[in-house]
Amino acid sequence: MESGGWPTLDRLLCLAWLAAILLIAATIALPIPAAAGGRVVRRWLCTIASRGKTFRSSSSKARFTVPQKFFLHFYVEGVVVTTSLLFATWFYAYMKMTPLVLESSSSSTIDNHHVGGSSSFSMANAWPSHPVEHKYRVWRTVFVLILMEIQVLRRMYESKYVFHYSPTARMHIASYLVGWLYYVAAPLTLASPCLPEAMSQARIPDLVIDLSHLVMPLLKLGWCQWIGMAIFVWGWLHQFRCHAILGSLREHKNSDEYVIPCGDWFSYVSCPHYLAEIVMYFGLLIASGGSSSSVWFLLIFVTLNLSFSAIQTHKWYLQKFEDYPFSRYAIVPYIC
């Protein structure tokens with residue numbers, strides 16, 4: 001595989017994320033005159049960002065909506081895409097990238113990677129010049145995809161068994177399509193550091209698999225990966241708790257009654273599940289080593305998109321409940 005494969009994919013993903021980021025940022029920050037369509041653009045973005053309780057569907061727009069329970073489709077897709085990329089990358093790493101460090105490698109190189117690697121957290125977009133560095137890049141990608149797999153599996157379970165969506169809860173068809181695109185683009189972004197070569201050389205490994213070569217390289221990664229995993233797990237656990245709280249608020253599945261959520265990070269912000277999501281993606285960035293520009297853009301997009309949605313939800317809470325705690329922020333305690 002030629003060295004240009006990964007940078008090309010990474011650049012395409014960067015452009016896609018950048019376009020989405022600029023659309024959200026421009027709509028929020030730029031004073032677009034109403035005559036130039038500013039009001040229409042803002043209303044359109046608010047419609048896409050809204051769902052469920054924050055979505056206001058008029059009769060003329062009702063035909064452009066789908067049930068909010070269709071969220072399950074996103075996570076089924078996410079599981080399929082992430083699992084496919086994980087297996088392809090893991091098999092490639094197992095067949096081509098083991099052992100992780102040869103005994104003949106210098107001790108300085110080995111020590112360097114056990115503390116995260118000299119280039120493991122940079123914005124560089126080139127293939128590593130040293131074979132050992134490239135092996136670490138591939139196994140870091142496997143590590144990050146495993147974390148993503150854990151996330152989409154849990155979200156699929158929650159959408160089916162934890163959340164009790166109101167029968168009147170809707171979302172715009174454009175929001176539905178964006179969700180479909182997102183759960184293809186996000187796993188692709190995390191896999192991009194080695195996906196082209198992995199796909200070009202992927203084949204099913206022998207039936208007899210050496211578990212030490214399949215798992216041990218993951219345990220030999222550097223401190224960036226373990227710190228990133230710790231941050232990811234921290235956010236993952238809080239999102240799990242917050243989703244359990246939200247799911248318990250509607251005891252009667254056919255009820256449209258809403259209750260103020262309390263507990264865990266709800267004591268500080270209106271959308272702690274969004275905050276936890278941002279924390280998880282920050283953990284994924286750290287675990288990835290930060291060498292892929294597209295992963296940085298992914299984190300920026302997630303932060304902007306969820307912040308925008310959180311602000312809309314926070315406004316809805318304030319309008320809906322007269323006794324809503326004014327000490328709560330939208331998504332980041334003491335900031336926003």
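I take helices (H or I, at least four residues) and strands (E, at least two) as DSSP runs, numbered from the N terminus. With that I placed D264 in the loop between α9 (223-249) and α10 (272-288).

The model is predicted, so I kept local features only at pLDDT of at least 70 and side-chain atom pairs only at pLDDT 80 or more, while totals for chains, interfaces and linings use all residues. Residues are numbered from 1 along each chain as its sequence is written, and side-chain values use heavy atoms, with hydrogens and water left out.

**Overall**

I counted 11 helices and two strands in the protein chain. From the N terminus their order is α-α-β-α-α-α-β-α-α-α-α-α-α. Buried residues (under 20% relative accessible area; exposed is over 50%, partly exposed in between; 1.4 Å probe, protein chains only) make up 51% of the 336 residues.

**Back to D264**

I looked up its phi, which is near 50°, a positive value in a residue other than glycine. Most residues other than glycine have a negative phi. D264 is partly exposed, with a relative accessible area of 25%.

I found a positive phi of about 70° at Y334, also not a glycine. Y334 sits in the segment after α11 (293-320) and is exposed, at 67% relative accessible area.

**Helix α5**

I checked the span of α5: its 31 residues reach 46 Å from first C-alpha to last, close to the 45 Å expected (1.5 Å times one less than the number of residues).

R154 lies in α5 and is buried, with a relative accessible area of 6%. I noted a polar contact of 2.9 Å between the side chains of R154 and E158 (a pair of N or O atoms within 3.5 Å; within protein, one must be able to donate a hydrogen and the other to accept it, and residues adjacent in sequence count only if both atoms are side-chain atoms). Leaving aside neighbours within four places in sequence, R154 is in contact (heavy atoms within 4.5 Å) with W236, Q239, F240 and H243.

**Second largest cavity**

Which residues line the second largest cavity? I listed R137, R140, T141, L190, P193, S288, S291, S292 and V295. Lining residues have an atom within 4 Å of a point of the cavity, which is a set of points on a 1 Å grid over the protein atoms alone where a 1.4 Å probe fits but cannot get out. Helix α5 (residues 131-161) gives the largest share of this lining, three residues.

Methods: 1 Å grid on protein atoms, 1.4 Å probe; cavity = no way out; pocket = protein on both sides within 12 Å on 5 of 7 lines; lining within 4 Å.
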